[in-house]
Amino acid sequence: MPETGPVLVVDDNEDLRELLCEYLTLLGHRPVAARDGLEALQLLAGGQKPKLVLLDRNIPRLDGLSFLEEAGPRLRGVPVIWMTGAADDVQHPLVRATLRKPFDLEALERAVRTYVTP
């Protein structure tokens, strides 16, 4: 049985963050949003247990890679999808896929469905 936790969306771009959350809701998921890695870390510390993380690599206060390192065991077994405009690949054991910005909603849907069901 799939986990029932939310999809954590971490991006400093408010418009994109809201669009992703609205689209995930339409797909049957329960999104939880954070503006940066520090806010996302606080959500995890407060008990959020996501089933997937959509993570912008270049975010303020605590960037994507630093967030993953700080989150440590709280994200064990949780797939992470990078969202980035950078051309280089940054590896991390939790990162399963990369969505290159700008990406379309169909690419997002395919990536999300690969790792979780609503």
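## Helix pair α1/α4

The axes of helix α1 (residues 14-26) and helix α4 (residues 105-115) come within 11 Å of each other and cross at roughly 60°. Axes are lines fitted to C-alpha atoms, for helices over the stretch in contact, with angles from 0 to 180 degrees between N-to-C directions. α1 and α4 are therefore oblique to each other (under 35 degrees is roughly parallel, over 145 roughly antiparallel, 65 to 115 roughly perpendicular, the rest oblique).

L19, L20, Y23 and L24 of α1 meet L105, L108, E109 and V112 of α4; contact means heavy atoms within 4.5 Å. By class, this contact has 7 nonpolar, no polar and 1 charged residues.

## Model and conventions

The model is predicted: local features need pLDDT of at least 70, side-chain atom pairs count only at pLDDT 80 or more, and totals for chains, interfaces and linings use all residues. Residues are numbered from 1 along each chain as its sequence is written, and side-chain values use heavy atoms, leaving out hydrogens and water.

Helices (H or I, at least four residues) and strands (E, at least two) are DSSP runs, numbered from the N terminus.

## The sheet

An open sheet of 5 strands runs in the order β2-β1-β3-β4-β5, with parallel pairing. Two strands pair if DSSP finds at least two bridges between them. β2 (31-34) and β5 (95-100) are the edge strands, each pairing on one side only. Twist averages 20° from one strand to the next.

Strand β4 (residues 80-84) pairs with β5 in the parallel sense over 5 bridges. M83 has L99 in β5 as its bridge partner.

## Helices on the sheet

Helix α3 (residues 64-71) packs on the sheet and touches β1 (7-10), β3 (52-56), β4 and β5. The α3 direction makes about 145° with that of β3. α4 also packs on the sheet, touching β3, β4 and β5. The α4 direction makes about 175° with that of β5.

Methods
Nonpolar A, V, L, I, M, F, W, Y, C, P; charged D, E, K, R; others polar.
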